[in-house]
Amino acid sequence: MTVRPGPLLLFSLLAASAFAGESSIKLAGGAQSALVRSHCSTCHSLDYIVMNSPFLTRAAWETEVRKMMRVMGAPIPDGDVAAIVDYLTEHYGTK
Amino acid sequence: MVASGIVLADAGFGPRRVRAALPPGTVESEALDTLPGKLPLIKRSFRPPNYESPVETFQDVITPNDRFFVRWHLSDIPRIDSGSWRLNVGGDAAARSFELDMDQLRRDYEPVELVAVCQCAGNRRGLSDPHVPGVEWGTGAMGNARRKGARLKDILARADLKKEAVEIAYNGADRGSLEMTPAFVKSIPAWKAMDENTLVAYEMNGAPLPHWNGFPARIVVPGWAATYWMKQVVSIRALSQPLTGFWMNTAYRIPKGKFPIVDRFTSQETEATAPITEILVNSLMTNVADGRRFAAGQPIEIKGIAWDGGFGIRGVEVSIDDGRTWQSATLGENQGRYSFRPWQFACAPRPSGRMSVTARASSAQGTSQPSELIFNAAGYHNNVVQKIVIDVV
């Protein structure tokens, strides 16, 4: 018996494809890019980083990262914050 | 109107000035992208989906559903079946609690229709100088649609509000991808909830709401920033105490005393800040962009829209000499005080050369757009006058 996708399945496929475009986002390389990718992309696409560049200072990037931890509940270990902020400042920040 | 002044060979119509003022990374990461059921919009972020309408969208006074901007805070956005959708009504300041299904919402409450601008509080944030973090919107995080729905006050009447009700809070079905992420919950003052124009809307431009715009029902708060227009609303609670949480206490706040605001949300105010309330008077030129060419010696027609927080548009003035002198534009059809108001300005034929065009709207409340940005750290309420430089050749 042939199973046709019902409307619900079709909807969920469409919903999934809505976010498929984010795989096209390129982040700068560098030692910490994998760390940044894995932490930040848990909750949002990485275009948020590129979009907010290059005008945030190191302190401003740190404020953003800590907001994600404190407010949004991102499970980023304290020990990773400096490396993430370094990367964001170097590639997507300003002095 | 005859568009005889327009050099049709100029295909370079686009929001070039806007692009020039956005952060470089915003321009680098933007893309025209098509969400299911939508026409291509300018993608600012994929997940959660934040998409704005290209400027030419606003040549229509009513924004079509498939071109209407999309803005979500959280990325788990369920597909809702209207048959199983329920709206839970209650709260500590309601004497009764109950649940409504879509048939009851449509059948048991008098339907109301109105046209209203839905504008993200952060519309034009990307044009802030200096830049501030957030979704870096250009001019298209807004739309104007005809809404149909039940009055929130009629629904609250059945809940039998107690006299101590101070705010009405509501939650949508969306969630963050982590358990820890706070739900996007908002409240409005009880007086605003009782306004006859505040709706639980189930139609948009005569059709069901698009999924991305809150199907099957969203709160509509005409005149106020879209942060209060809860999408996929599933619960409404009458509160005797102010709602707390990040989305009320920290986000969507403006410095007190900086903006010409009339509507107050006193239960949420602190000494320094207040929640954003009504939209400030603003305008957008919709048929011109920097570098657009017009023929010398021919009439030049400038078209646009103007809107405000529900006081109504008193007038729009246009300057072609960097603001030294202003002439009145002609206002178009009035679809109500919460709607975009179209306008047009016929400029007498000009010799060749560069020409700057500035538009400035005034509201019936007596305020008009400022000539300098009123800077604030969250990039809200950007209603500084636009200037576009065109070429007459």
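The contact between the two chains takes 27 residues from chain B and 28 residues from chain A, where two residues count as in contact if their C-beta atoms, placed from the backbone, lie within 7 Å. This is a predicted model, in which local features need pLDDT of at least 70 and side-chain atom pairs count only at pLDDT 80 or more, while totals for chains, interfaces and linings use all residues. Residues are numbered from 1 along each chain as its sequence is written, and chains are lettered from A and ligands numbered from 1 in the order in which they are written.

On the side of chain B that touches chain A, the elements giving two or more residues are helix 2 (24-29) and strand 2 (41-45) of chain B; here helices (H or I, at least four residues) and strands (E, at least two) are DSSP runs, numbered from the N terminus. Helix 2 of chain B gives the most to this side, with 5 residues. The residues of this side of chain B divide into 12 nonpolar, 9 polar and 6 charged, with Ala, Val, Leu, Ile, Met, Phe, Trp, Tyr, Cys and Pro counted as nonpolar, Asp, Glu, Lys and Arg as charged, and the others, Gly among them, as polar.

Within chain B, an open sheet of 5 strands with mixed pairing has the order 6-5-14-9-10, two strands being paired if DSSP finds at least two bridges between them. Strand 6 (98-100) and strand 10 (185-189) of chain B stand at the edges with a single partner strand each, so one side of each is left without a neighbour in the sheet. Inside this order, strand 5 (residues 87-90) and strand 14 (residues 233-239) of chain B run parallel and are joined by 3 bridges, and G90(B) stands opposite R237(B) in strand 14 of chain B.

Another open sheet of 5 strands in chain B, again with mixed pairing, has the order 18-25-24-20-21, and its edge strands, strand 18 (293-294) and strand 21 (327-328) of chain B, each pair on one side only. Strand 24 (residues 353-363) and strand 25 (residues 386-392) of chain B pair in the antiparallel sense over 7 bridges, with I388(B) in strand 25 of chain B as the bridge partner of V357(B).

Strand 19 (residues 300-307) of chain B is mostly covered, since 7 of its 8 residues are buried, that is, 20 or more other C-beta atoms lie within 10 Å of the residue's own, with C-beta atoms placed from the backbone. Strand 19 of chain B pairs in the antiparallel sense with strand 23 (residues 341-347) of chain B over 7 bridges, and W343(B) in strand 23 is the bridge partner of G304(B).

Terms used
A residue is buried if 20 or more other C-beta atoms lie within 10 Å of its own, exposed if 12 or fewer, and partly exposed in between; C-beta atoms are placed from the backbone.
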